[in-house]
Amino acid sequence: MIIHLGHYLALSCVLFSIGAAGFLFRRNVLISLMSIELMMNAVNLTFIAANRWQPLVTSADGTATAAIPHHGHLFTFFVIAVAAAEAAVGLAIVLAFYRLRKTVRTDAADMLRG
Amino acid sequence: MNFLLVLAPILTLAVGGIVLMMLDAFQKEDGQLAMPTALLHFVAAAAALALWQRGIPAEGAALVAPWLTIDRTGLFLAAVISVGGALASLLAGGYLAEHKMDRGEYYPLLAFASAGAIMLAQSGDTLTLFLGLETMSLGVYALTGFRRSSARSIEAALKYFLLGSFAAAMLLFGVALLYAITGHTDYVGIAQSLRHSAELPNDLVARAAEEQVRLVGTRISIFAMVLILVGLAFKIGAVPFHMWTPDAYEGAPTSTTAYMSVVVKAAAFGAFMRIMLVVFGDAGSASGTAGWPAILAWIAVLTMTVGNLMALTQTSVKRMLAYSSIVHAGYILLGLLTTPREGVGTMAQASVLFYLAGYTVTNVGVFAALALAGRRGAEAVSFDDLAGYARRHPAAGFALAFFLLSLTGIPPTVGFFAKFYVVRATLDAGYTTLAIIAMLNSAVSAYYYLGVLVKMYMRDPAPGAAQASPNKSFYIVFTILVSAALVLHMGITPSRWLNLAIEAVTPAAAAAPAADAPAAP
């Protein structure tokens, strides 16, 4: 069996869906954070795989190169860095929440409603 | 040097934010940073205006393309964002000091968030879209939870953070899918690849294979479009993706609420308009019956109606204003969804920009006037807190009433013309039903805005209840005066501002003289 871009896209769709489902159905903030990380990683996988399968263009001297060389790789590094920054801010908020409420369950966040 | 020039608004705020951090680290006492931060924002606004006046250096703009699109639309939004940020930091100077949480880190965060917002509004590539969005959002999450000892503030930050990052992940997955099928991350490149300019091969087998690939590509691109649309709808707080909005607005410190409601909204709408028009601007995706305008029409109707119905039942003025900001997002969406229409597109885009500018000054003003009514330990948040307020304190009460009238849309305030232009663009585009729904909603919204006025002018506080009295903060009064001046100026000479907005959306090559622009009534 030949593995091609479609397989990677299917896998990242599955990963993304697991992440989204985890985010929507679990009530623990830490699990929610992990789910978001999983969604981000599905994005990274898509970028890496898509970068590998870029359509090749043939230039005048006959050498084939990828149309846009490394934008997918570049994007992945940014996503990793931003995900780390996001986790830092998120964990700080969770910590502050835990200090005040002694729980990390999202259903405890019920003071603001209406 | 030219690229430094075209990046001046972003760089001012980013470098200024670092300087603010140093100032904060080396100063003895907390809370002297509001004025420098406001000045920084005004310098960024001035830089954007100077670029507009002197003409954008083409060489510099080419250097940062396609990552950032330096055009007049972006500069207009950069100016709006900077003015909104400046007013919000002035408000913070008064509000945070009054409530004894004037810690220095508030101001650098604000400056960085504004830099991200401008990057988002000027983005020309999905990478800068994502980076701008996250730079802005991470700052605002921290500003929302700034009152660390308050469970409400932290809860607001938690909800905002969770839903915000979920939305960002959705947007990102949409972007990744677009990259997978087009090989481009920049808006123009994606758009060109999506339109399949290449001829189909003549060979039958190759042709069938190519058609199959294109069919799959089209399906994926529709899925990606929906993901991006949902991600951005979360950021502007459109129903049904609005769940975080009232909670985050209510729990956050009032200065942050003001910032969130204007800067985040202006930047997100700017990016929304650009990505929808450039990437999905082809006839199929932008068709009024089957494309994104049709989806946005439903979202806009839901946003206006649900937001209004929820606002009617609120007892807290701050939370009512949160729902009101949802309703206003609905009006702006109306302008947005008419932008791809032939003939009315320019006016529709201009009406969106005008609305964002008018809404920015009005909403900072209304939150400033509300913050003025609260003292340490006794914030005025509910309708009952404000009973008799305007009779006891006529000037402060009138300030709040004035901005509420602008939100209602009563001339000669800017709120009237903002709504007028959007509804006119909707009517011109032939969406009569949508325009009628918008006007009905606008009438309903008068009930809760004027409800505050009734409380302030005609009701007495319950015996023994706390009576709101204004704090004497210079910063807040100054914020109110500047916002009120702008609201009045935009309301009295709306055609001038509309012409500016029209100039902003007219491509530089085809820039028509301002005299061509349709005159305002």
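Predicted model: local features only at pLDDT ≥ 70, side-chain atom pairs only at ≥ 80, totals over all residues.
Residues are numbered from 1 along each chain as its sequence is written, and chains are lettered from A and ligands numbered from 1 in the order in which they are written.

Between the two chains, 36 residues of chain A are in contact with 35 residues of chain B; two residues are in contact if their C-beta atoms, placed from the backbone, lie within 7 Å. On the chain A side, two or more residues each come from helix 1 (5-25), helix 2 (29-52) and helix 3 (71-101), where helices are DSSP runs of H or I, at least four residues long, numbered from the N terminus. Helix 3 of chain A supplies the largest share, 15 residues. By type, this side holds 27 nonpolar, seven polar and two charged residues. Here Ala, Val, Leu, Ile, Met, Phe, Trp, Tyr, Cys and Pro count as nonpolar, Asp, Glu, Lys and Arg as charged, and the others, Gly among them, as polar.

The largest nonpolar core comprises 232 residues; such a core is a set of buried Ala, Val, Leu, Ile, Met, Phe, Trp, Tyr and Cys residues joined through C-beta atoms within 7 Å. Helix 8 (residues 151-182) of chain B gives the most to this core, 23 residues.

B:Thr126 lies in helix 7 (residues 126-144) of chain B. B:Thr126 counts as buried because it has 25 C-beta neighbours inside 10 Å, the cut-offs being 20 or more other C-beta atoms within 10 Å for buried, 12 or fewer for exposed, and partly exposed in between. Beyond neighbours within four places in sequence, B:Thr126 is in contact with B:Val175 and B:Thr185.
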